[in-house]
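Reader: Before we go through the labels, please show me the model. I will then ask what stands behind each one.

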Amino acid sequence: METSTIYQKQQGVPEFSCMEFQGKTKDYAVLIPIINEGDRIIKELKRAYKHKVFDVADIVICDGGSTDGCTERSRLQKLRVNTLLVKQDEGKQGAQLRMGFFWALKRGYKGIVTIDGNNKDSIEDVPRFIEKLEEGYGLVQGSRFIKGGRAIHTPPLRLVSVKLIHAPVISITARQRFTDTTNAYRAYSARYLKDSRVQPFRDIFMGYELLAYLSVRASQLGYRACEIPVTRAYPKAGKTPTKISFLKGNSQLMKILLKNMFGAYKPKKQ
């Protein structure tokens, strides 16, 4: 089965195209937001194939408009990608995730795992996230810093900023301690995402805002949240695979953290 659909822009959801290689086969979906990840996403999908992630979840690529050939459809199908979503609208990671969340909830998944598409994360750990969702958790955060987790070749500046700034601010805002809050490898229950007090489908979530907001809203509302150990490995040498620039990106990130702390992203009508 292969079907192609265009979803027109609607409130809080960007316009996007949807190429379904298969129908829904599992209760959970893995959303992988990418843009021009080249061979990195292919290596990640090969790891997912090797560890048979497709046996526990449908793998969905949330593309921001790649032009480097990394979303070539026959290759994605061979690697057991279930669906390719391509954003046709403005926005960055937040818009890609809103696109993916909307489509996955519309398709009826019980929960969603998100993971970056740059091959830094242990995609083979997806079943552990699903186990926690099955236990009733609303938010499951992957952490390289808790027992069993592994942080490999983490850039020193990134390590310091996560441990001394980002994680403490998110923990205070969430009223629960988290250790690896910049990590997009996490899972959400459908119940949490559909809660009227959450409302992820808002156009204010264009970039990193949505990840920061969803990190804290679960425990604020009384949903069970936890961390599980994962591996995040940076290349030993060469350019660090990240979309966050050193000065401008980190400055914007701090603004988002502070706005999040003071409730700027909470829905006004619930």
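Reader: Where do Tyr-7 and Phe-16 stand, buried or exposed?

Author: Both Tyr-7 and Phe-16 are buried. The term means under 20% relative accessible area; exposed means over 50%, and partly exposed is in between (1.4 Å probe, protein chains only). This is a predicted model, so local features need pLDDT of at least 70 and side-chain atom pairs pLDDT 80 or more, while totals for chains, interfaces and linings use all residues. Residues are numbered from 1 along each chain as its sequence is written, and side-chain values use heavy atoms, leaving out hydrogens and water.

Reader: How many aromatic pairs are there, and why is Tyr-7 with Phe-16 called stacked?

Author: The whole structure holds 12 aromatic pairs. The ring centres of Tyr-7 and Phe-16 are 4.6 Å apart and their planes lie at 10°, so the pair is stacked. Rings of Phe, Tyr and Trp (its six-membered ring) pair if their centres lie within 6.5 Å; planes under 30 degrees apart are stacked, over 60 edge-to-face, and the rest tilted. Tyr-7 and Phe-16 also belong to one aromatic cluster with Phe-102 and Phe-201.

Reader: What are the burial classes of Phe-205 and Tyr-213, and why is that pair called stacked?

Author: Phe-205 and Tyr-213 are both buried. Their centres are 5.2 Å apart and their planes at 25°, so the pair counts as stacked.

Reader: What sits over the ring of Tyr-213?

Author: The charged end of Arg-202, 5.4 Å from the ring centre. The label requires NZ of Lys or CZ of Arg within 6 Å of the ring centre and within 35 degrees of the ring normal. Arg-80 is placed in this way over Phe-54, 4.0 Å from the centre of that ring.

Reader: What makes Lys-9 and Asp-89 a salt bridge?

Author: Their side chains meet at 3.6 Å, N to O. The definition asks for a side-chain nitrogen of Lys or Arg within 4 Å of a carboxyl oxygen of Asp or Glu, so the pair qualifies. Lys-9 is in the loop between strand 1 (3–7) and strand 2 (16–20), and Asp-89 is in the loop between strand 5 (81–87) and helix 3 (93–107), 80 residues apart. Helices (H or I, at least four residues) and strands (E, at least two) are DSSP runs, numbered from the N terminus. The search of the whole structure finds 15 salt bridges.

Reader: Why are Lys-9 and Asp-89 called partly exposed?

Author: Lys-9 has 43% relative accessibility, so it falls in the middle class. Asp-89 has 22%, so it gets that label too.

Reader: How do you know that Asp-121 and Arg-232 form a salt bridge?

Author: Their closest N and O atoms are 2.8 Å apart. The pair links distant parts of the chain: Asp-121 is in the loop between strand 6 and helix 4, and Arg-232 is in strand 11 (residues 231–233), 111 residues apart. Asp-121 is at 1% relative accessibility, so it is buried. Arg-232 is at 2%, so it is buried as well.

Reader: Which residues make up a salt-bridge network?

Author: Glu-20, Asp-58 and Arg-107 are linked in one.

Reader: Why is Tyr-185 called buried, and what does Tyr-185 touch?

Author: Its relative accessible area is 0%, so Tyr-185 is buried. Tyr-185 lies in the loop between helix 5 (156–174) and strand 9 (186–189). Contact means heavy atoms within 4.5 Å. Not counting residues up to four places away in sequence, the partners of Tyr-185 include Asp-121, Phe-129, Gln-141 and Val-230. The side chain of Tyr-185 also reaches the backbone nitrogen of Val-126 at 3.2 Å.

Reader: What makes strand 3 largely enclosed?

Author: In strand 3 (residues 28–34), 7 of the 7 residues are buried, so the rest of the structure largely encloses it. Tyr-28, Val-30, Ile-32 and Ile-34 point one way; Ala-29, Leu-31 and Pro-33 point the other way, and all are buried.

How values were computed: A polar contact is a pair of N or O atoms within 3.5 Å; within protein, one must be able to donate a hydrogen and the other to accept it, and residues adjacent in sequence count only if both atoms are side-chain atoms.
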